Amino acid sequence: MLSIRLFKSSILAFSLAISVQAPAQAKTAQQIFDEGSTALAEQRFDDALKSFENLDKMSIKDINVQSSIRIRKGEALARLGRNLEAQNNFITALEQIDQTLPNFAADIFLANKYLGEMAYNRYDYPAAGEYYLKAADFADRPAVKLNSMAGAIAVLMFVDTNRALEIAKQADEISQSDKSIDKDIRAQTSMLLGRAYLNMQEFAQARRHFGKAVTLLGGLTQSSYINDIQARSDYATASALLDDPEKMRQYLSFTGAGRFEGSAFLKASDVSLPACDPAKDIFPDDVVIVELGISSNGTVTYSRPIYSNKPQKIAVIFAQAVKNWSWTVDEVATIDPFYRALTRLELRCTQETPPQPTPRSFLADNLVKWLGKENIEPQNDLSDAAFALKLTKELASFGEQKPYAKQPKKGVFTWYALSKNAAFAYNKQAEFLDLAIERAREVSAPVEVLAFLQLHKPFDDRDSGLEHLKRLRVQPEFEEDAIIRAILNLTINDSEKRGKNSEYVIGLLQEVIDDTRLQERHPLKIGAQVRLASLYQQLGAEDYARTAFQATGLSAGQCAAVDSRPKLQSTGSLSSLYPNDMLRMSITGFTKAEYDITADGKVVNERIVMAYPPFGFTKASEKIIAKGTYEKSYRPDGGLGCSTATNVIRFKTPR
C-alpha cells in the first residue's frame, strides 16, 4: 500500500555490548550487523537473515540492542514473505525496547510501519491504523511522518470516520504549512481529507479538497500518472454523489475512461460479490467503490475501499471479496498495464441464491466418494489464480517422473481442479480435463466418475458443447445407465435453442419421464416434467403445460428451483440509451445487472451490482435491462420464472 523507507540503524551509533568467546579471526558482532544491513539494502534477504540469526544467537546483554537486531531480522523475514515469523519478531522487540531512547527511534518506526502493512494486508484495519500512527510518532522528518499518517487515514476512515477526519485535517495542515513538502504529498493529504469527508457523506466539502488536489497535480491535463487519475476519479465520484453529471463526465474523461471500456474485468469466472444480508447490515441499495490492481499471473495485488454509504460496516467486506478474484494470464494480457495497476469499480451486494442444482450435479458425490479425502487438495482461502499457481508448482516438482504415479487418484483431482480453474482459458482447461479423464480410465474409475468428468468438459461456444453432449449420449457405457442417460437428456435440453427444435427436445424429456428404470418420483423425472411444462407454455399449449406440471407434484414455489433458466429472446433497440454526454466525450464502460424474470418473460427488480466507471452508466443500464424479454415459463400462480438472473452491458464508442 505504502512504501517503506530503509533507515540506517541507530545501533551503529554506539558499540555493541557483547559477551562471546571466539577465535581472534572471528567476525565481530558489529561486522556481522554491518553485513546484514548491507544485504538488506542490496535486497539479498536470505543473506541478511543469516547475519541477523547469527547475531540473535549471541549472548548480547543489552535488551535494546537485542530488540534492534530482532527488528532487522523481522525485516528480512518480511521481505522473504515469512510474515508470521516477522510479525512475532517485531511485536517481541517493541515490547522489550525502551521507546524513550532517541537512538532507537528508527528501529521503532520500522517495526510499526511493517506491522501496519501486515495488518492492512490481512484487512485488520483497526490494528493497521494504530501501527501507522505509532510509526508517525517516530518518523524522522515531516514527509515520512505524513506518509505514515496517510496510511492511518486510509484505513481508519473505514473504522472510525470521525477520528480519520481529524487526523486528515492535522496531516493537511502540516503539508500545507511546511514549504519543504512537495506538491505530490500535499495533493495526497488533500485527497485523503476529501475521502474522509466523502465517507462522512459531506460531498461538497469532499469535492472542494479533491479539486485542490487536482490543481496541485497540474489540473486537467493529459498527464496520466497514478496520483492524477486518483484525484480526478475522486472528483468525479463526489460530483456524481452531488448529482452533478456534467462535472462527473468532465473529470471522468480525464481519467482514461475514454480509452478503456473495462469489460475485461468481467472475464474472470469467479468475480463473486458479498451476499445481501440484513443480519450483517448489507442491503441491496448499499454501494461501495473499490480500487484494485491485478498482477500478470491473474491474482489481485491489492484491493481497498474508497467510498461507501456505510464505511464502517461494509466497505472492508467488499474489498476482501475483490481480493479473491482471478483472471487467466491471457485475459490479463488484454488489459493495459496502467489499468491493471489501478481501476475502480462501483459494487453492490448480490441477491443471487446458491446455484440451483444442474442435472450433472447428481454425479458430484460419486467423484468425491471415489477420490477420498486424502486425494483432494483443499483450496482454503486461496483465489483461483493463487490455487492454480500452487497446483502447477506441485506438478512441476515431479520433473521427468510421471506425476502422482503412487497416487493416481490425486492426479485425477489435480487435473480436474485445474480444468475448472478460472486462471486458465477454455483450451487449457480442456487439456487438463482430458488428462483427468485419461488418468481416471487408467485406474478403472466407475462409469459415474467418467460421466461426471466428461460432462464438465469446457467449450468456448454453445454449439461445440452441444455436439459433445450428443456424442456422449450414444456411447454404450453411458447409454446403458439410466441416471447418466437422463442427465444427458436434460443437459442437452438446457443447451438447445428450444424454440427451433421443440419436437426433438420434447422427445428427450419424454424419454426421461417414461424410463421405468427410474423411480416415479425421481428428481430427474420431476426436472424433466417441469421443463416440459415450460416448453409447452412457450408453444402456446396451455392445457399440455398444466398437465405436465401437475404430474410433478410440486407447489408453485418449488418449480423454479428445478426448471432451467429462461433464455433471452430480445433486448429491444438499445443504441438510443447510450448516455449522449458520455458518448460525446467517448467515455466507455460496462455494468453487470441482476434482475428477476416473471413467468411471462418480463424483467422486474432490475439493479446494477457492478459498474465501471463508478456511477457512469448505472441509470442507463437499469433502463436497458428493463427492456429485455425472455422465454415464458409455466408457473401455476404466475410467479417468477427465474429469480436473480444476471447480464452484462458493455458501452463502446466507435473507434
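1. Glu75 is buried in this predicted model, with a relative accessible area of 1%. Its salt-bridge partner is Arg72, and the closest N and O atoms are 3.7 Å apart. Arg72 is buried too, at 3% relative accessibility.

2. H2 (residues 45–57) and H3 (residues 63–79) pack at an angle of about 150°, with their axes 9 Å apart. That angle makes the two helices roughly antiparallel. The residues of this contact comprise eight nonpolar, no polar and six charged.

3. Do have a look at Arg531 and Asp494, which form a salt bridge with the closest N and O atoms 2.8 Å apart. This pair links distant parts of the chain, with Arg531 in helix H25 and Asp494 in helix H23, 37 residues apart. Arg531 is buried at 4% relative accessible area, whereas Asp494 is partly exposed at 21%.

4. Across the whole structure, a search finds 37 salt bridges. Arg195, Asp234, Glu291, Arg304 and Arg344 are linked in a network of them.

5. Lastly, a loop residue: Pro378 lies between helix H16 (364–371) and helix H17 (384–396). Pro378 is partly exposed, with a relative accessible area of 44%. Leaving aside neighbours within four places in sequence, Pro378 is in contact with Phe387 and Lys390.

Definitions and conventions: Residues are numbered from 1 along each chain as its sequence is written. This is a predicted model: local features need pLDDT of at least 70, side-chain atom pairs count only at pLDDT 80 or more; totals for chains, interfaces and linings use all residues. Side-chain values use heavy atoms; hydrogens and water are left out. Axes are lines fitted to C-alpha atoms, for helices over the stretch in contact, and angles run from 0 to 180 degrees between N-to-C directions. Helices (H or I, at least four residues) and strands (E, at least two) are DSSP runs, numbered from the N terminus. Angles under 35 degrees count as roughly parallel, over 145 as roughly antiparallel, 65 to 115 as roughly perpendicular and the rest as oblique. Ala, Val, Leu, Ile, Met, Phe, Trp, Tyr, Cys and Pro count as nonpolar, Asp, Glu, Lys and Arg as charged, and the others, Gly among them, as polar. Buried means under 20% relative accessible area, exposed over 50%, partly exposed in between (1.4 Å probe, protein chains only). Contact means heavy atoms within 4.5 Å. A salt bridge is a side-chain nitrogen of Lys or Arg within 4 Å of a carboxyl oxygen of Asp or Glu.
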